[in-house]
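This report treats strand pairing and model confidence in a single protein chain.

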Amino acid sequence: MKKIFSIILTICCLAVVAQAKENPVPSFIPKKIQQKFGYVNRQGKTVILPEYDIAMFFSEDCNLLNSPNKKVRIFGSAQYATVEKDSTAYRIDKKGTRVYRYRNADMGICSQSYEMPRYKAFALNGMYGLVSKDSIDLGGYKDFDIYPQYQMMMVLESDRENPMIIAVRNNKFGIVDKHNKIILPFVYSDIKMNLSWITAHLFEVSYDGKNYFYVDEKNKAY
């Protein structure tokens, strides 16, 4: 079952459908409590007890939406979340009830096409900046959206025209936009390059590289 969940997790990450950009922070947020994952609401109140080894946001699973087994397609909707307990993967509803156990035979094929990001990190003289053009004149600033000035830059999968970008300065992680406006301050030891922003409008951050939590674009923790 570990192999099954590994495949599910990988495909979910590649094929998850983004919520609308205007959506607020979701009502169900995965949270690790005493070494197990459950869910809290926006106010931090536990809404699903912590009992899972892995818990993902409530979001679509295109493998189930396209399942050859028509009876399980409903569990691919965003009304359900993928969790793992004791090496077994499930979909749960918003009451915390396990409504489906993953089976290889139920996995369909995701047909969503991949679109190359418009903005890309660009290294110059050991520093990183941001570009949207294919051809760059290194002799000036005009072809750079952000002139190279960071130790590292990583463009998060998100709005193609207005992406969020992980940047590293003075060995600390923060978030900037394409105009180099600071969204999250440079105070973190790590920010995960995952789909939490496109899925839930949240960034997964850590002060020590071990304990992670979610913050929104105003740096409010959840």
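Two strands are taken to pair if DSSP finds at least two bridges between them; strands (E, at least two residues) and helices (H or I, at least four) are DSSP runs, numbered from the N terminus. The model is predicted: local features need pLDDT of at least 70 and side-chain atom pairs count only at pLDDT 80 or more, whereas totals for chains, interfaces and linings use all residues. Residues are numbered from 1 along each chain as its sequence is written, and side-chain values use heavy atoms, with hydrogens and water left out.

K120 stands opposite V131 in strand 9. Strand 8 and strand 9 run antiparallel within an open sheet of 3 strands, ordered 8-9-10. Strand 8 (120-124) and strand 10 (146-150) are the edge strands, each pairing on one side only. From one strand to the next the twist averages 35°, an angle between N-to-C directions (0 to 180 degrees) of axes fitted to C-alpha atoms.

Strand 1 and strand 2 form a hairpin with 2 residues between them, and Q34 in the turn has a positive phi of about 55°. Across this pair, P30 stands opposite Y39 in strand 2.

The mean pLDDT (the predictor's confidence in each residue, from 0 to 100) is 90, and 90% of residues reach 70 or more. Over residues 1-21 the pLDDT is below 50, and this stretch has 44 contacts beyond near neighbours in sequence, a contact being heavy atoms within 4.5 Å. Where pLDDT is low, the predicted coordinates should not be read in detail.
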